[in-house]
Amino acid sequence: MAAVLARPAPVAALARPLSRCSSKLAAAWTAPWPQRRPQAPERDARVAARNRLAELLQDMRKEETEEELNVPVVTNLEWQSPLSVVRYPDPRLRAQNARIGAFDDTLRRLAEEMFEVMYQDDGVGLAAPQVGVNVRLMVFNESGVKGKGEEIVLVNPQLLSLSGNPKLFEEGCLSFPNIYADVERPARVRVKAQDLKGKTFTLSLNGFVARIFQHEYDHLDGKLFHDRMAPPVLDSIRQQLVELEEEYLREHPDAQIQRVQ
Ligand SMILES: [Zn+2]
């Protein structure tokens, strides 16, 4: 090995690449400072994005493990028609959501009615706690239009993986009327869930529909979209959140609510 490394390369082979390389290097190092700098922040941003992704997955998996250990299973699902969307800061949005253990007609009708409510309110996704039923069920259709796109029902969903660079996107939530703000989420998810008959399946979601899933999945853990906003973004909607809290407390003076920090 040493002999190979030490053997001088033919001058002609070295000359051109070296001169190209050295002229590039020279250009880079003689360029004004602002022209050279962007590489480092871009690299830092990529590293920061990767770290955030790892933290987020760890955070969501930790919650999931805790959920599995502590969450009760409901075999006698009860809910009342007609359903309507509960608004922030209704305590049911922060309550624990039970795993579903009975795959019967009551569950099927709940999912159907959740789709109806979702379409009526111009939503693309809805989690059961948002209609005051604290169970691990979500429905979504990224088209937001009945009869168009694909309707997906996930019972007892579990997050298997998150991937792709986290992206900022303006989200709304049916439980927060007229509030829209940026939330950063990874672009892809892999999910395991049961269907309405209890059959387990896996699903890979990408882009907008992956974002919908993550938003609804948070609801099943009692987490709301403003919990994931960067501080300056949260500041931009804080007053609207406080107004919803005040409105709720006027109607429910004895309620124990979790206020925005
Ligand atoms: Zn929501």
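How far does helix H6 (residues 208-220) reach from its first C-alpha to its last? Helix H6 has 13 residues and spans 19 Å, close to the 18 Å expected at 1.5 Å a residue. The expected span is 1.5 Å times one less than the number of residues. Helices (H or I, at least four residues) and strands (E, at least two) are DSSP runs, numbered from the N terminus.

The model is predicted: local features need pLDDT of at least 70 and side-chain atom pairs count only at pLDDT 80 or more, while totals for chains, interfaces and linings use all residues. Residues are numbered from 1 along each chain as its sequence is written.

**The sheet**

Five strands form an open sheet in the order E3-E4-E5-E8-E9, with antiparallel pairing. Two strands pair if DSSP finds at least two bridges between them. Strands E3 and E9 are the edge strands, and each pairs on one side only. Neighbouring strands of this sheet are turned by 40 degrees against each other on average, direction ignored. The table gives two of the antiparallel pairs.

| Pair | Bridges | One facing pair |
|---|---|---|
| E4 and E5 | four bridges | Phe140 and Ile152 |
| E8 and E9 | seven bridges | Gln194 and Thr200 |

E8 and E9 form a hairpin with five residues between them, and Gly198 in the turn has a positive phi of about 95 degrees.

**Helices on the sheet**

Helix H5 (residues 105-120) packs on the sheet and touches E3, E4 and E5; its direction makes about 45 degrees with that of E4. H6 also packs on the sheet, touching E3, E4, E5, E8 and E9, and its direction makes about 20 degrees with that of E3. Axes are lines fitted to C-alpha atoms, for helices over the stretch in contact, and angles run from 0 to 180 degrees between N-to-C directions. Residues are in contact if their C-beta atoms, placed from the backbone, lie within 7 Å.

**Buried and open parts**

A residue is buried if 20 or more other C-beta atoms, placed from the backbone, lie within 10 Å of its own. Eleven of the 13 residues of H6 are buried, so this helix is largely enclosed by the rest of the structure. Among them are Ile212, Phe213 and Leu220. In E9, the number buried is zero of seven residues, so this strand lies largely in the open.

The largest nonpolar core has 41 residues, and those with the most contacts inside it are Leu126, Ala128, Met138 and Val139. Such a core is a set of buried Ala, Val, Leu, Ile, Met, Phe, Trp, Tyr and Cys residues joined through C-beta atoms within 7 Å. E5 gives the most to this core, with six residues.

Definitions and conventions:
A residue is buried if 20 or more other C-beta atoms lie within 10 Å of its own, exposed if 12 or fewer, and partly exposed in between; C-beta atoms are placed from the backbone. Two residues are in contact if their C-beta atoms, placed from the backbone, lie within 7 Å.
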